[in-house]
Amino acid sequence: MVTKMVAEAEFSYAAPEKHKILQLYKNPNAVGFIAIENDKIIGFISGIFSEYFFSNRKQVTDLGFFVLPEFRGSRAALKLVKSLENWAKEIGADDLHLGQTTAVEMNKTRQFYERLGYKTVGFNTVKNLKE
């Protein structure tokens, strides 16, 4: 699933490494949820809990969020975001940050987040330093 996300993304040059993903889930402050339809994984969302570097205020930041293209527009994305929100609330987070770094359907993704009550507060930029 991560391989499919990366292949579609702006950062397709960054080959996923299974041990890195598994290492993440050994972190007690990280979580992942999957969406399944007809015994097939169709999406995932992962996040990590931390404090802001400048404050004791607690946050959850998404690390990855992907739904297979043929399931976009279904309820899968909504259920995944709500799962991460519920986890964030349960562990005492004050804020949940959702971003978009893949350059895929950026406006649709932003509009989806805003319909769920999220506020756009910035943007991401990237420069590949190896080119």
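Where is the place of Ser 55? Ser 55 sits in the loop between β2 and β3, and with a relative accessible area of 26% this serine is partly exposed, a class that lies between buried (under 20% relative accessible area) and exposed (over 50%), judged with a 1.4 Å probe and protein chains only. From the C-alpha atom of Ser 55 to that of Leu 129 the separation is 31 Å, the two residues being 74 residues apart along the chain.

The structure is a predicted model, in which local features need pLDDT of at least 70 and side-chain atom pairs count only at pLDDT 80 or more, while totals for chains, interfaces and linings use all residues. Residues are numbered from 1 along each chain as its sequence is written, and side-chain values use heavy atoms, with hydrogens and water left out.

## The sheet and its helix

Helices (H or I, at least four residues) and strands (E, at least two) are taken as DSSP runs and numbered from the N terminus.

Strands β1 and β2 run antiparallel and are joined by 8 bridges, with Ala 30 standing opposite Ile 48 in β2. The antiparallel pair of β2 and β3 (residues 58-67) is joined by 9 bridges, and here Gly 43 stands opposite Val 67 in β3. In a regular strand, side chains alternate between the two faces of the sheet.

## The hairpin turn and a nonpolar patch

β1 and β2 form a hairpin with 2 residues between them. Asn 38, in the loop between these two strands, has a phi near 50 degrees, a positive value in a residue other than glycine. At 73% relative accessibility, Asn 38 counts as exposed.

Ile 34, Ile 36 and Ile 41 form a nonpolar patch on the surface, and together they have about 280 Å² of accessible area. Patches are made of residues with over 30% relative accessible area and no salt bridge, like charges being joined within 9 Å and nonpolar side chains (Val, Leu, Ile, Met, Phe, Trp, Tyr) within 5 Å; the areas come from the Shrake-Rupley method with a 1.4 Å probe, and for residues only the protein chains shown count as cover.

## Salt bridges

Side chains of opposite charge can pair when their charged atoms come close. A salt bridge is a side-chain nitrogen of Lys or Arg within 4 Å of a carboxyl oxygen of Asp or Glu, and a search of the whole structure finds 6 of them. The table gives some examples.

| Salt bridge | N to O distance |
|---|---|
| Arg 57 and Asp 95 | 2.6 Å |
| Glu 85 and Lys 82 | 3.4 Å |
| Glu 105 and Arg 72 | 3.9 Å |

Arg 57 forms its salt bridge with Asp 95, and this pair links distant parts of the chain, 38 residues apart, with Arg 57 in the loop between β2 and β3 and Asp 95 in strand β4. Arg 57 is partly exposed, with a relative accessible area of 41%, and Asp 95 is also partly exposed, at 22%.

Glu 105 and Arg 72 likewise form a salt bridge that links distant parts of the chain, 33 residues apart: Glu 105 lies in the loop between β4 and α4 (106-115), and Arg 72 in the loop between β3 and α3. Glu 105 counts as partly exposed at 40% relative accessibility, as does Arg 72 at 29%. Although Glu 105 is not a glycine, this residue has a positive phi of about 50 degrees.

The salt bridge of Glu 85 and Lys 82 lies within helix α3, where the two residues are separated by about one helical turn because they are 3 residues apart. Glu 85 counts as buried at 12% relative accessibility, whereas Lys 82 counts as partly exposed at 33%.

Methods: Two strands pair if DSSP finds at least two bridges between them.
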